[in-house]
Amino acid sequence: MTDKALRLGTRRSKLAMAQSGQVADAVSRVTGRPVELVEITTYGDVSREALAQIGGTGVFVTALRDALVRGEVDFAVHSLKDLPTTQPEELALAAVPEREDPRDVIVARDALKFTDLPRGARIGTGSPRRMAQLNAYARTHGLDIETVAIRGNVDTRIGYVHEGRLDAVVLAAAGLNRIGRIDEVTDFLSVDTVLPAPGQGALAIECAASDAELVAALGELDDPHTRAAVTAERSLLAALEAGCSAPVGALADLLTDGPVIKEMRLRGVVGTTDGSRMVQQSTTGSVPLTHDGAMALGRELATEMLAQGAAGLMGERAH
């Protein structure tokens, strides 16, 4: 390899720049080459429409992938939950580094926890998945909340709470960790209350499939357990034929006995955004050692969920 700088394609948002900067440092360490960030504006960054309206799937990804294919950047960093489930042949998912905290969190006024919010509390989120699960939890626990569709970056969303326009907003713990704002969280939502988006908290590092040397170098940043987990989660999403803006939550976690990893448990949920109807299932099996094994785990759970009526809860199915 030369010592020429590698060009890393990234979205311009504060969060994207933070996580790309962290990956750039790691790539420099494994390759011995400098890495420069190339800022790319995606459709999801400029559109003011609600993500559920513009399709969600790929809106933050397509421009980065186009730059990769054209050779304008050498590799790109995505939030894995933004990636469509179909991988283009010309691009390699070279690394999935160790996952950050996958949970959702609440930032509320007066340092309130979710269950302490007043009756009629307005909770902002742009995610049908979060709306569905928060509303379902509220229904079964006698809470009176109103979920409000919002968009915008972290500053904008937290600003709605500080300005008094909302009582709380829901965000991803991983994003707040990466930009150093985790101390603003007033409540961490248990995954038993709200399952995260498939792949939430994980990053995807992508490059041209034809650049075997770079694929191998980036592969040193791959975490096999994280990759197995997110592959199972995304396989579930794909088998449900749902886009990444659909109200689907999924989490694969490792069940351990002391230091020994015993099994992988995959949980999935899909529901109507008002929380009135939910399908929630889980399956547990040996930790998949191959890509195909992880894919099979996701498909197996999706089959069970579809048999329970999951398809009818997702509105228009994304293909």
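**Exercise 1. Is Asp110 buried or exposed?**

Solution. The structure is a predicted model, in which local features need pLDDT of at least 70, side-chain atom pairs count only at pLDDT 80 or more, and totals for chains, interfaces and linings use all residues. Residues are numbered from 1 along each chain as its sequence is written, and side-chain values use heavy atoms, with hydrogens and water left out.

Step 1. A residue is called buried under 20% relative accessible area, exposed over 50%, and partly exposed in between (1.4 Å probe, protein chains only).

Step 2. Asp110 has a relative accessible area of 59%, so Asp110 is exposed.

Step 3. Its place is the loop between strand 5 (104–108) and strand 6 (121–125). Helices (H or I, at least four residues) and strands (E, at least two) are DSSP runs numbered from the N terminus.

Step 4. Asp110 is not a glycine, yet its phi is positive, about 55 degrees.

**Exercise 2. Describe Ala111 in the loop between strand 5 and strand 6.**

Solution. Step 1. The relative accessibility of Ala111 is 59%, and Ala111 therefore counts as exposed.

Step 1. Its phi is near 55 degrees, a positive value in a residue other than glycine.

**Exercise 3. Compare the span of helix 5 with the expected value, and determine how far the helix is enclosed.**

Solution. Step 1. Helix 5 covers residues 128–141, which makes 14 residues.

Step 1. The expected span of a helix is 1.5 Å times one less than its number of residues. From first C-alpha to last, helix 5 reaches 20 Å, close to the 20 Å expected.

Step 2. Eleven of the 14 residues are buried, so helix 5 is largely enclosed by the rest of the structure. Among these buried residues are Pro128, Met131, Leu134 and Tyr137.

Step 3. Just after helix 5 comes Gly142, with a positive phi of about 70 degrees.

**Exercise 4. Which residues does Leu266 contact, leaving aside its neighbours within four places in sequence?**

Solution. Step 1. Leu266 lies in strand 12 (residues 260–271) and is buried, with a relative accessible area of 0%.

Step 1. Contact means heavy atoms within 4.5 Å. With those neighbours set aside, the partners of Leu266 are Ala232, Glu233, Leu251, Ala252, Gln281, Ser282, Thr283, Leu297, Gly298 and Leu301.

**Exercise 5. Locate Ala174 and find what it touches.**

Solution. Step 1. Ala174 belongs to helix 7 (residues 173–178), and at 2% relative accessibility Ala174 counts as buried.

Step 1. Not counting residues up to four places away in sequence, Ala174 touches Glu100, Asp101 and Gly201.

Step 2. Ala174 and Asp101 are 73 residues apart in sequence, while their C-alpha atoms are 5.4 Å apart in space.

**Exercise 6. Characterise the protein chain as a whole.**

Solution. Step 1. The protein chain contains ten helices and 13 strands.

Step 1. The radius of gyration is taken over C-alpha atoms, and the globule rule is 2.2 Å times the number of residues to the power 0.38. For 319 residues a compact globule would have a value near 20 Å, and the 19 Å of the protein chain agrees.

Step 2. The C-alpha atoms fill a box of roughly 60 × 45 × 40 Å along the principal axes.

Step 3. Of the 319 residues, 53% count as buried. Among contacts between residues at least 6 apart in sequence, 71% join residues at least 24 apart.
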